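Here are my notes on the model, point by point. Please read them with the structure open.

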Amino acid sequence: GVENRHRRHSDLNQMVHDWVSKHGFELFPEKQFASKSLTCVKNNLNIDIGSFVKTLKEKKKISIDGGYGKIKGKTFRISNMGDETTSSINHLLDALDEVIKDFLPS
């Protein structure tokens, strides 16, 4: 039901937020304004987001959003809504882990 879907979105969102924190990124919005279905990540580590998104798509066949408008290149977005599951988010986060290492400062 709806309550279970909301709980699942919240749990998956926390998984993504944990990944963000683990890699030294920050949320773009203040925590109290953050969405439960989509994580907007601040590019506080100044990685090349365009190349990161492109490499993720080429190597892992996974697409994430590289920001848009005034925040293009300053953010990237990871969705955890719809029919995503713990398994699908783990798959996404594992792929992000494999690709991000080449973009993080040493």
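1. Terms and basis. The expected span of a helix is 1.5 Å times one less than its number of residues. Helices (H or I, at least four residues) and strands (E, at least two) are DSSP runs, numbered from the N terminus. This is a predicted model, in which local features need pLDDT of at least 70, side-chain atom pairs count only at pLDDT 80 or more, and totals for chains, interfaces and linings use all residues. Residues are numbered from 1 along each chain as its sequence is written, and side-chain values use heavy atoms, with hydrogens and water left out.

2. Length of α2. The twelve residues of α2 should span 16 Å at 1.5 Å a residue. The end C-alpha atoms of α2 are 16 Å apart, which agrees.

3. Faces of α2. Buried means under 20% relative accessible area, exposed over 50%, and partly exposed in between (1.4 Å probe, protein chains only). I49, F52, V53, T55 and L56 are the buried residues in α2. Seen down the axis of α2, they fall within an arc of 165 degrees, so they line one face of the helix. That arc is taken from the directions from the helix axis to the C-beta atoms. An α-helix has 3.6 residues a turn, so residues three or four places apart point the same way. The face of α2 turned away from the buried side carries the exposed residues G50, K54 and K57. The cover over the buried residues of α2 includes β3 and α3; contact here means heavy atoms within 4.5 Å.

4. H91 is in helix α3 and counts as exposed, at 52% relative accessibility. H91 and I62 are 29 residues apart in sequence and 9.8 Å apart in space, C-alpha to C-alpha. S88 is also found in helix α3. S88 is partly exposed, with a relative accessible area of 25%. The C-alpha atoms of S88 and L12 are separated by 9.6 Å, and these residues lie 76 apart along the chain.

5. Packing of α2 on α3. The axes of α2 and α3 come within 10 Å and cross at roughly 115 degrees. Axes are lines fitted to C-alpha atoms, for helices over the stretch in contact, and angles run from 0 to 180 degrees between N-to-C directions. F52, T55, L56 and K60 in α2 meet A95, L96, E98, V99 and I100 in α3. By class, this contact has six nonpolar, one polar and two charged residues. Ala, Val, Leu, Ile, Met, Phe, Trp, Tyr, Cys and Pro count as nonpolar, Asp, Glu, Lys and Arg as charged, and the others, Gly among them, as polar.

6. Helix α1. The 21 residues of α1 should span 30 Å at 1.5 Å a residue, and the end C-alpha atoms are 30 Å apart, which agrees. Its buried residues are H9, L12, N13, M15, V16, H17, W19 and V20. What covers them includes β1 (26-27), β2, β3 and α3.

7. R77. Is R77 buried or partly exposed? R77, in strand β3, counts as partly exposed at 23% relative accessibility. Not counting residues up to four places away in sequence, R77 touches L38, T39, C40, I64, D65 and Y68.

8. Positive phi. Most residues other than glycine have a negative phi. N46 has a phi near 55 degrees and lies in the loop between β2 (38-42) and α2. N46 is exposed, with a relative accessible area of 65%. K61 has a positive phi of about 60 degrees although it is not a glycine. K61 is in the loop between α2 and β3 and is exposed, with a relative accessible area of 68%. Just after α1, G24 takes a positive phi of about 85 degrees.
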